[in-house]
Amino acid sequence: MEGVKTKPLLHTLRFSPLIAPNRVFAVVYTCAILALLYHHAITVFHSTTLLSFSISITLLISDVILGLMWAAKQSFRMNPAHRQVFPENLEKIMKENDFQALGLDIFICTADPYKEPPMSVVNTALSVMAYDYPTEKLSVYVSDDGGSAMTLFAFMEAAKFGSHWLPFCRRNKLVERCPDAYFRSNHHQSSEAEQIKMMYESMKARVENIVEKGKVGDEYITNQQQREAFNKWTSQGFTRQDHPTVIQVLLETGRDKDMTGESMPNLIYVSRHKSKTSPHHFKAGALNALVRVSGIMTNAPIILTLDCDMYSNDPQTPHRMLCFFSDPKLRPNLGYVQFPQIFHGLNKDDIYACEFKRVFQTNPTGLDGLLGPSHVGTGCFFSRRVFFGGPSSFLAPEIPELRPDHVVSKPIQAQQVLALAHQVADCKYENQTNWGSKLGFRYGSLVEDYYTGYRLQCEGWKSVFCHPNRAAFLGDVPITLNDVLSQTKRWCVGLLEVSFSKYCPLTFGSKAMGPLMGLCYAHYAFWPIWSIPITIYAFLPQLTLLNGISIFPKVSDNWFFLYIFLFIGSYGQDCLDCILAKGTFQRWWSDQRMWMVRGVTCHMFGLIEFVSKYLGIATQGFNVTSKVVDNEQGKRYDQGTFEFGVESPMFVSLAVAAIINLIAFVGGLIGVLRGKNSEGLFGQLLISGFVVLNCCPVYEAMVLRTDKGRMPTKTTIISTFLAWALYTAASLILKM
Ligand SMILES: O=c1ccn([C@@H]2O[C@H](COP(=O)(O)OP(=O)(O)O[C@H]3O[C@H](CO)[C@@H](O)[C@H](O)[C@H]3O)[C@@H](O)[C@H]2O)c(=O)[nH]1
Ligand SMILES: [Mn+2]
C-alpha cells in the first residue's frame, strides 16, 4: 500500500476481553436460576396448608423478579466495547474539511436560584465559554426556569468577568477552566492569577449578596440597559410560574471583545414564557424552548446539553466529540456523543452510592458494543438534526427558520431575530405542533433524558460513549439521604411512566432495536420493581424466623448450596465489576447497601406514587435536587455519616425494616443457640444478619447520635410502634 496516504485515525473501538467469560457465566447462572425456580414450583405444588402455599408463592414471585432483572442486566455484559479518540489527529483533517465551520450551541439549564446557586451556574457557563474552540463558533444559552432576576444579574457579572477569564485561561493554557475549581486547587499563584482571583471574589460577593437579599437592589444596577432588563421583573406581576419571555443577549460574538481584543462567544440568557394554565414540561420543555430559540439565533449543527452543576473539566472535550462527528462514515446516523456523569466531592466510601458507576460508566460500554449508550441528561453532544425525525425520515418543523439546515444570516440582536425568538419561546407556541411528541425532547416522563435517548435510538439514531481518562465534566451529588432518596424516587416515577406506556422497551424497544437493546432499556425502565423482592426479603424471612417457621432448605440439603451459589455468584460478580472499574471494596459495599435501602424506600414509594398518578389521584412534578451545601451537613457528609435529620415517610419504612431484622436476628440467634430447629432456620438467620450488618448506620442514627443529622425521635417512635404492630399481626397470621 505504499504511496497511498492513510487517513489519520480519529477513533477506535475495542471489544472487551470479558465478553467470553461473561457469556459463559451467564449460561451457568441461568441454569442455577432455572433450578431454583423449579425448586420453588415443586414446593408450591407440594404445599399442604394455605400458609405454606402463600409463603412459597411469595418466594417464587420475588425470585422470578430477581431472576428477570438479573437476566435483563446481562444484556449489558454481552458485548461491551471501549472507544478511544485521537483529537491530536483532528488538526490534520480539520484543514482538509474545514471543521471550523461547525458551530456549537451549549445549553445550560437551571431552575431555582435557591437550590441551584447562581454562582455555581455561572461557573459552569464560564468553564464552557473557555473551551478550546473558535469563539465565533460558540454560543452559550442559559435556560432559567426559575425566572430569577438574580440569575440574570449573575450572568451580567459573568459576562464582564469572562472578558478577563477567557484570555487568562488561553494565555496560561489552563486545563481547569471552571474558576471555582481553579481557585480551589491552585495555591501557588502568579500576581496575574492573584488579580483575577480578586475579581472573581468580588463578583462572587456581589452575586451572593443579592441572593441573600433575595432581589437585585438599585445600587447594583449600573446602566440603562440593565435597568430595562430588570424592569421586566418589577412591571407586570412577574412570578416564577407566570411571566413573559425574557431573552437577554449578554455577549455577542464579533461585537464583544475580551481584554486582549479577541472575540467573546455568544452568551444568551433565556427564561421562557410561563403561565399557570399551560404545562411547561419541566426540563424537557426548557430544552425544547432552547432548541428553538438557538435555532432562530445561531442554529449550530451541534448542541451540548448541561445541567447547571456539570462544569467542564477539560477544554479539549469538543475536539474529542469532533473525532466522531467529523467521521463521514459515522456522521449520517450519529445522533449523539454521550460523556459519562462523573461527580466531584463524593466522600471516600460514597455512602449514598451516588457515583452510580454502573449506570454512568459500565453499562454505557455495554450499550456501546450494541447500538450506543442511553442519554443521561447532561454532558451530551447532539446533532441538531436528531430533533427533527429519524436519520432517513426528516420531519420538518412548523416554520422554515427552525429547520436544522437553515442558515442564520442576521445578527442575533436584529429586531426580527429577537421577535421570532420571543415567539418560539412562548408557552402556547407548542400547541398543535409536534414538539415533545415527534420533535425535540420527548414529554411524558420525568426522566426526559432516558426517554428521549430511547426514542431517538428507536428512530434509528446511533450514539457513542466517550469516556476519556480525564473527566470531561464534573457534577454535584446530593449530600443528604433525603435528597438522595427523593431524587431516585423521581427517577422511579419517570421510568415507570415509560414502562407502562405504549413505548415499553420490552415490546416497542425490542421491535425497533432488537432484543438486547430492548432488554437493556427495560432493565432501567423496570428498575423500581426491584422494591418487590427486596421488601419481601426484608420482612418475610425475618417474621417467619421470629415464629420458628422455616422457609428455606436445611443446611444439609443440597438445595441450600444452590442458594449459596446464587448469592455469591451475583454479589461476587457485582463486586468484581466494581473493582475492575477502578472502584474500591468499600464503595461496592455502599452500593449494595443503598440498593437495599432504595428497595424499601424510594423504589417502593416511587412505585406507589406512579400508581396514584396513573389512577389520577395525584401528580408528581420535577423536584429539583438541591446543590447547596450546609456547612454542618457538609462536614458530616465528608466524615461518611448518614444524614437523616428531617422527617420523611421513607425513613419510617427503612427504620421498620431495620428494627424487624435486628429483633429477628437476635431472637433467631437465641433460638439457634438453644438448639431450636437450627438447621432449618439457618438461611433466615443469615439473611437477617446480613441486613443488620448493613443497617448499622440506621441503628446508630436512632439511638447513639446526638447531632442534627440523627434520626428524628418522632420517626424512631413511629417506626418502633409500626414494627411492633407488624410483628404482632404477622404472628397472629403465622400461628393461625
Ligand atoms: O423544571 C425544571 C426542572 C429541572 N430543570 C433542570 O434540570 C437539571 C437536572 O435537575 P436535577 O434536580 O439536578 O436532577 P437530577 O436528578 O440530579 O438529574 C438527573 O436526572 C434528570 C432526570 O430526572 C436529568 O434531567 C438530569 O440530566 C440528570 O443529571 C437541572 O439543571 C435543573 O435546573 C429545569 O431546567 N427545569
Ligand atoms: Mn443533578
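Modeller: The account below takes the listed residues in turn and ends with a pair of packed helices.

This is a predicted model, in which local features need pLDDT of at least 70 and side-chain atom pairs count only at pLDDT 80 or more, while totals for chains, interfaces and linings use all residues. Residues are numbered from 1 along each chain as its sequence is written, chains are lettered from A and ligands numbered from 1 in the order in which they are written, and side-chain values use heavy atoms, with hydrogens and water left out.

Under "binding site", an unreviewed UniProt entry lists Lys115, Glu116 and Asp145. UniProt positions are given in the numbering used here, feature names are shortened, and annotations may be inferred rather than shown by experiment. These residues spread over 31 residues of sequence but cluster in space, with a largest C-alpha distance of 12.2 Å.

Lysine 115 sits in the loop that runs between β3 (104–110) and α4 (118–129). Helices (H or I, at least four residues) and strands (E, at least two) are DSSP runs, numbered from the N terminus. The relative accessible area of lysine 115 is 26%, so the residue is partly exposed; buried means under 20%, exposed over 50%, and partly exposed in between (1.4 Å probe, protein chains only). Setting aside neighbours within four places in sequence, lysine 115 is in contact (heavy atoms within 4.5 Å) with Asn623, Val624, Thr625, Ser626, Lys627 and Val628. Its side chain reaches the backbone oxygen of valine 624 at 3.0 Å.

Aspartate 145 also lies in a loop, here between β4 (138–144) and α5 (149–171). Aspartate 145 counts as buried because its relative accessibility is 11%. Apart from residues up to four places away in sequence, aspartate 145 touches Thr110, Ala111, Arg240, Arg272, Lys274, Phe282 and Ala286. With one of these, arginine 272, the side chain of aspartate 145 makes a side-chain polar contact at 2.9 Å. A polar contact is a pair of N or O atoms within 3.5 Å; within protein, one must be able to donate a hydrogen and the other to accept it, and residues adjacent in sequence count only if both atoms are side-chain atoms.

UniProt, again in an unreviewed entry, also lists Lys283 and Asp307 for "binding site". They are spread over 25 residues of sequence, yet cluster in space, the largest C-alpha distance being 9.7 Å. Lysine 283 belongs to helix α9 (residues 282–297) and is buried, at a relative accessible area of 14%. Beyond neighbours within four places in sequence, the contacts of lysine 283 are Cys109, Asp307, Gly377, Glu448 and Phe622. Aspartate 307 is in strand β7 (residues 302–307) and is partly exposed, at 22%. With the neighbours within four places again left aside, aspartate 307 contacts Cys109, Thr124, Lys283, Gly377 and Thr378.

Helix α13 (residues 448–458) packs on helix α15 (residues 505–513) at an angle of about 40°, with the axes 9 Å apart. The contact involves Tyr450, Tyr454, Gln457 and Cys458 of α13, and Pro505, Phe508, Gly509, Ala512 and Met513 of α15. Axes are lines fitted to C-alpha atoms, for helices over the stretch in contact, and angles run from 0 to 180 degrees between N-to-C directions.
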